[in-house]
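Hi,

Here is the structure I promised to pass on. Have a look at it first, and then read my notes below.

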Amino acid sequence: MHAPFNRRQILAQGAALMGTAASGLLVPQHVLAQSGKIRVGFMLPYTGTFAQLGVAIENGVRMAINEQGGKLGGREIEWFKVDDESEPAKAIENANKLVQRDKVDVLIGTVHSGVQMGIHRVARESGVLNLIPNAGVHIATRAQCAPNVFRTSFTNSQPTMALGEAMVKRGHKKAVWISWKYAAGDEAYEGFKESYTKAGGTIVKELGLPFPNVEFQALLTEIAALKPDAVACFFAGGGAAKFMKDYAAAGLKDKIPLYGSGFLTEGVIEAAGPAAEGVLSTLHYGDGIETKRNNEFRLNYAKTFKMQPDVYAVQGYDTGLLLIQGANAVKGDLSNKAALYKAMEGATIDSPRGKWTMSKAHNPVQDIYLRQVVGKENKVIGVAAKALSDSGAGCRL
Ligand code: PHB
């Protein structure tokens with residue numbers, strides 16, 4: 001049996017330890033950084049209209065990392081989580097919970113463009129590595145692009161850049177646009193406006209309501225009165241399901257074809273029921289992409305999480321893949337920033353959506369698919385744009 005330490009021994013040991021510290025024989029910071037766990041923080045919506053998007057993203061990240069042994073560059077991971085509630089007013093405070101309090105090495109977040117702006121400020125000021133797994137706010141990879149910020153999803157105008165032409169090709173020359181009035185809706189409209197008018201279409205009216213309101217009735221009455229050839233929109237999550245249901249219930253579904261930035265039908269086909277059938281949209285993913293990579297991903301995701309994956313799960317998965325590539329390149333030493341960023345900038349992501357690369361401004365260069373809801377699936381019926389890159393306007397890195 002070992003005798004317990006007496007007080008004198010404890011004091012002596014303490015003095016010896018302090019002596020080591022005082023004599024400067026401390027382990028260098030970067031060795032410490034490599035030996036401990038990598039701290040990964042999720043800042044995502046886990047409540048509200050985007051709650052299911054946050055869950056799908058987290059699932060995707062964890063799946064990618066678990067498939068490759070559950071470590072990053074050989075180091076174990078400690079996870080942290082903050083629910084951002086899709087609430088821009090709390091964004092800076094929430095980001096600082098992860099950065100200042102939890103001292104994360106990587107902040108993965110978020111979904112909502114307004115909240116992203118808060119994270120962006122904290123990321124630029126602190127230098128923390130920020131991976132954006134959804135929010136498409138333009139400025140984050142345009143004028144305010146940053147060496148430590150990488151997006152694995154899209155810019156808000158990327159999916160709609162391919163929408164306008166697809167609609168005109170189908171003979172719809174007069175359209176109404178409707179969306180939530182905040183950065184994501186406004187910027188999705190920018191892409192739509194450019195592509196639709198360039199293809200010869202006319203936008204009869206731009207309609208909107210504040211995020212996350214779902215009182216669509218008055219606006220649907222206005223659409224009925226305007227009698228456009230088609231309607232195009234940006235909605236997502238719970239609000240998207242409600243919009244499609246209300247659109248059908250107002251008797252518009254069979255009269256005026258509904259198109260969308262493809263988020264409209266992601267993760268909500270079951271919730272929307274027959275109201276989603278036939279809806280056309282453009283997006284950088286589609287359930288029915290017939291590749292071995294996508295089929296395996298879908299099978300594994302469904303087995304692991306007992307639900308079907310969607311674009312958000314794919315974006316989360318790709319975030320995991322990007323982080324793995326970066327961490328492996330620096331053997332887990334994320335403090336080696338120059339090498340870490342270089343590896344991530346040069347990465348090709350072998351995604352379920354198809355292979356994509358990082359633009360100079362740190363945003364995916366990717367194909368945009370034309371999809372149609374058939375039964376329970378976003379069926380791919382064409383490629384609406386090949387290797388589409390956001391302009392990255394104003395970005396200097
Ligand atoms: C955004 O706010 O940037 C956003 C949110 C949900 C989406 C897409 C974009 O599905």
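**Charges, then the rest**

The 45 positive and 37 negative charges of the protein chain have mean positions that sit 4 Å apart. Before you read on, keep in mind that this is a predicted model.

On the overall build: the protein chain carries 13 helices and 14 strands. Its C-alpha atoms fill a box of roughly 90 × 40 × 40 Å along the principal axes. The radius of gyration is 24 Å, which agrees with the value near 21 Å for a compact globule, because that is what the rule gives for 397 residues. Buried residues account for 53% of the 397 residues. If you take contacts between residues at least 6 apart in sequence, 68% of them join residues at least 24 apart.

Next, two residues whose surroundings I went through.

Thr152 belongs to the loop between strand 5 (149-151) and helix 6 (163-169). Is Thr152 buried or exposed? Its relative accessibility is 0%, so Thr152 counts as buried, the cut-off being under 20%. The side chain of Thr152 makes a polar contact of 2.8 Å with the side chain of Thr319. Leaving aside neighbours within four places in sequence, Thr152 is in contact with Ile132, Pro133, Gln315, Asp318, Thr319, Leu322, Arg353, Trp356 and Pro364. Thr319 therefore turns up both as the polar partner and in that contact list.

Met244 is part of helix 9 (residues 237-249). With a relative accessible area of 1%, Met244 is buried as well, because it falls under the 20% cut-off. Which residues does Met244 touch once neighbours within four places in sequence are left aside? They are Leu258, Leu264, Thr265, Val268, Ala272, Ala275, Ala276 and Val279.

Most peptide bonds are trans, and most residues other than glycine have a negative phi. Here are the exceptions I noted.

- Gly109 to Thr110: this peptide bond is cis, with omega near 5 degrees. Thr110 lies in the loop between strand 3 (106-108) and helix 5 (113-126).
- Phe211 to Pro212: the bond joining these two is also a cis peptide bond, and omega is about 0 degrees. Pro212 lies in the loop between strand 7 (202-209) and helix 8 (217-226).
- Glu85: phi is near 60 degrees, a positive value in a residue other than glycine. Glu85 is found in the loop between strand 2 (77-83) and helix 4 (91-101). Its relative accessible area is 36%, so Glu85 is partly exposed.
- His362: phi is positive here too, near 75 degrees, and this residue is again not a glycine. The loop that holds His362 runs between strand 12 (354-358) and strand 13 (364-374). Since its relative accessible area is 0%, His362 is buried.

Cheers

How values were computed. Residues numbered from 1 in each chain as written. Predicted model: local features only at pLDDT ≥ 70, side-chain atom pairs only at ≥ 80, totals over all residues. Heavy atoms only, no water. Helix = DSSP H or I, 4+ residues; strand = E, 2+ residues; numbered from the N terminus. Rg over C-alpha atoms; globule rule 2.2 N^0.38 Å. Buried < 20%, exposed > 50% of the residue type's maximum accessible area, 1.4 Å probe, protein only. Contact = heavy atoms within 4.5 Å. Lys, Arg positive; Asp, Glu negative; His and termini not counted. Charge placed at Lys NZ, Arg CZ, Asp CG, Glu CD. Polar contact = N/O pair within 3.5 Å; in protein donor to acceptor, adjacent residues only side chain to side chain.
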